[in-house]
Amino acid sequence: MDGLLLDTETIYSAVTNKILEPYGKTFPLETKLKMMGRDVRTATDILLKDLALPLTFEEYDNKATELKEVFFREAQFMPGAERLIRHLANNSIPIAVATSSAKAMFLIKTDKHRAVFELFGSNITCGDDPEVKRSKPSPDIFLAAMRRLDSELRPEDCLVFEDASNGIEAANNAQMSSIWVHDMRFSLDPPSETIAHDATERIASLEDFAPEKYGLPPFKE
């Protein structure tokens, strides 16, 4: 969801840099890329180690949570996200959210967009769900979301949208097809169409997704 449906990655970066400022450090893109798509504990541990911060997980998390609870409420949709959600829902295509965010933070991020996220019904699986034993790149969260969506679904029936390579790896581990929505704002790669990847398809934005390529109803322009 983060960086895919909602433009929260810019907020994550701003919050992190605000916490780092008193220590004379800035948030390297290399570290951010390692953190994207991971649960809060794993992501924070990566940050603390990479930047050698003199903070415990709890100390950092308390600072971050206080800021995130304020700024995440202003998160806006990524380009093409609302259009795709409404299109799939209007065509009765089963859809689900599988996010590494904890449920409480998910509710904060989506607070201003409840009408759209209600289209997912109860098909919301968060990182602190009891069924998610291991975080991405393990496939747990996608398999849990699949079971919640339809007990008769098989992995080969599913199409995963991800903005992080870590999430694409999780989709592959779940034996699911995947679309890598590669936000070049958070990439070390040059803007090229030949970037190597392990996804079924790579696109730059959800606005570029063509549903008919995957047997889905096309957009009505």
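Which residues touch the most other members of the largest nonpolar core? They are Leu5, Val97, Phe117, Phe120, Phe161 and Leu206, out of 45 residues in that core. A nonpolar core here is a set of buried Ala, Val, Leu, Ile, Met, Phe, Trp, Tyr and Cys residues joined through side-chain atoms within 4.5 Å, and buried means under 20% relative accessible area with a 1.4 Å probe, protein chains only.

This is a predicted model, where local features need pLDDT of at least 70, side-chain atom pairs count only at pLDDT 80 or more, and totals for chains, interfaces and linings use all residues. Residues are numbered from 1 along each chain as its sequence is written, and side-chain values use heavy atoms, leaving out hydrogens and water.

Let's zoom in on Phe120: leaving aside residues up to four places away in sequence, Phe120 touches Leu5, Ile85, Ile95, Ala96 and Val97 (contact means heavy atoms within 4.5 Å). There's also a second, separate core of 13 residues, with Phe142, Ala170, Ala171 and Ala174 among them.

Now for helix 1, residues 9-20 (a helix is a DSSP run of H or I, at least four residues, numbered from the N terminus). Its buried residues are Glu9, Ile11, Ser13, Val15, Thr16, Ile19 and Leu20.

| Partner of helix 1 | Residues |
|---|---|
| helix 2 | 29-35 |
| helix 3 | 40-50 |
| helix 4 | 57-71 |

Notes. Helix = DSSP H or I, 4+ residues; strand = E, 2+ residues; numbered from the N terminus. Expected span 1.5 Å × (residues − 1). Buried < 20%, exposed > 50% of the residue type's maximum accessible area, 1.4 Å probe, protein only.
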